[in-house]
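Thanks for making time this morning.

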Amino acid sequence: MSSLSDIGTIKDIMQRHGFSFSKGLGQNFLVNPSVCPRMAEMGGANECAGVLEIGPGIGVLTAELARRAKKVVAIELDDRLIPVLGETLAEFSNVRVIHGDALKLDLAAVIRENFADCESVAVCANLPYYITSPIIMALLESRLPISSVTVMVQKEAAERICAPVGSRESGALTVAINYYAQPHMLFRVSPGSFMPPPKVTSAVIRMDILPEPKYDVGDEKLFFAMVKAGFSQRRKTIANSLTSGGFLSKEKAALALANADIAPNARIESLDMGQLATLSNSIKSISQIN
Ligand code: SAM
């Protein structure tokens with residue numbers, strides 16, 4: 001099979017299979033031949049590892065993963081691509097394509113059933129951008145037995161995810177990801193590296209999963225609800241953003257902030273992970289008293 005990043009090859013496949021790109025499914029296929037080998041190398045594909053890919057498209061990244069990893073499982077939603085993948089990945093005996101929605105499948109079961117003989121499991125994907133946040137959060141929150149998540153996302157999303165918690169660039173997603181993982185910016189990818197070219201620049205990031213969260217949060221549900229409420233009005237003081245959305249009464253917010261040694265006029269975006277954890281634990285102990 002000639003290179004799957006070659007525009008002529010892609011056009012030929014599309015013509016023979018009567019395939020046209022679906023904007024709704026975020027279909028921008030990689031045509032820059034240097035991107036997938038780099039992603040596969042930096043994403044932890046090696047002879048002992050299993051790799052889970054989300055959205056293989058016509059299989060350009062899948063093939064690079066299959067050349068390096070012990071086993072690759074690729075989940076593709078678009079039924080029109082299943083016969084295409086059967087053709088483009090025919091030379092690999094270590095690839096399994098699952099037709100399904102990565103947001104609805106039981107990923108823990110997929111990993112259990114497919115990677116029992118692998119030393120570790122990594123996720124590597126050029127994500128459809130319309131599901132960037134939900135898919136990353138689903139991967140992290142369900143505490144899957146995975147070592148890392150390497151994904152191509154919009155450059156702005158990558159910068160937000162990799163920003164230090166406590167900086168102006170950080171957001172609720174930054175905090176959530178830093179709770180479960182250590183994110184790293186790997187490299188940028190220009191719009192011209194895709195067919196059709198998207199309007200935005202992209203970037204590849206890797207999130208190394210922490211064996212345990214670094215911060216002692218007594219009640220994770222409360223912690224994430226507080227982060228969501230706080231960042232929903234990030235330019236207000238924390239006291240205001242937590243009270244105006246109805247998350248906490250004015251009195252409790254003042255007490256929780258004082259107990260956590262955080263200035264009442266601080267903004268949530270200025271707090272680091274340790275302070276956020278302390279504030280959430282402080283809110284928890286106040287609600288237990290009253
Ligand atoms: N990996 C290919 C590449 O790099 O050229 C294609 C990447 S393209 C940005 C995203 C792919 O994800 C498309 O093939 C699309 O059909 C698929 N997709 C979209 N939503 C999905 C979902 N919910 N579950 C699984 N695959 C999905």
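The space that the ligand takes up is the largest pocket of this structure, and please keep in mind throughout that we are looking at a predicted model. Two elements give two or more residues each to the shell around the ligand, namely strand E1, residues 29-30, and strand E3, residues 71-76.

How many residues surround the ligand, and which are the closest? There are 24 of them, and the closest are Leu 30, Gly 55, Glu 76, Asn 126 and Tyr 130.

Gly 55, which I have already listed among the closest residues, has a backbone N or O atom at 2.9 Å from a nitrogen atom of the ligand. At Leu 77, a polar backbone atom is 3.4 Å from a ligand nitrogen atom. As for cover, the ligand on its own has 600 Å² of accessible area, and the protein covers 99% of that.

Finally, the helix I mentioned is H6, which spans residues 132-141. Which of its residues are buried? They are Thr 132, Ile 135, Ile 136, Met 137, Leu 139 and Leu 140. If you follow the chain just past the end of H6, you come to Arg 143, which takes a positive phi of about 50°.

Terms used
Residues are numbered from 1 along each chain as its sequence is written. This is a predicted model: local features need pLDDT of at least 70, side-chain atom pairs count only at pLDDT 80 or more; totals for chains, interfaces and linings use all residues. Side-chain values use heavy atoms; hydrogens and water are left out. Buried means under 20% relative accessible area, exposed over 50%, partly exposed in between (1.4 Å probe, protein chains only). Helices (H or I, at least four residues) and strands (E, at least two) are DSSP runs, numbered from the N terminus. A residue is near a molecule or strand if one of its heavy atoms lies within 4 Å of it. A polar contact is a pair of N or O atoms within 3.5 Å; within protein, one must be able to donate a hydrogen and the other to accept it, and residues adjacent in sequence count only if both atoms are side-chain atoms. Accessible areas come from the Shrake-Rupley method with a 1.4 Å probe; for residues, only the protein chains shown count as cover. On a 1 Å grid over the protein atoms alone, a cavity is a set of points where a 1.4 Å probe fits but cannot get out, and a pocket is an open set with protein on both sides within 12 Å along at least five of seven lines; lining residues have an atom within 4 Å of a point. A molecule sits in a cavity or pocket if more than half of its atoms lie within 2 Å of its grid points.
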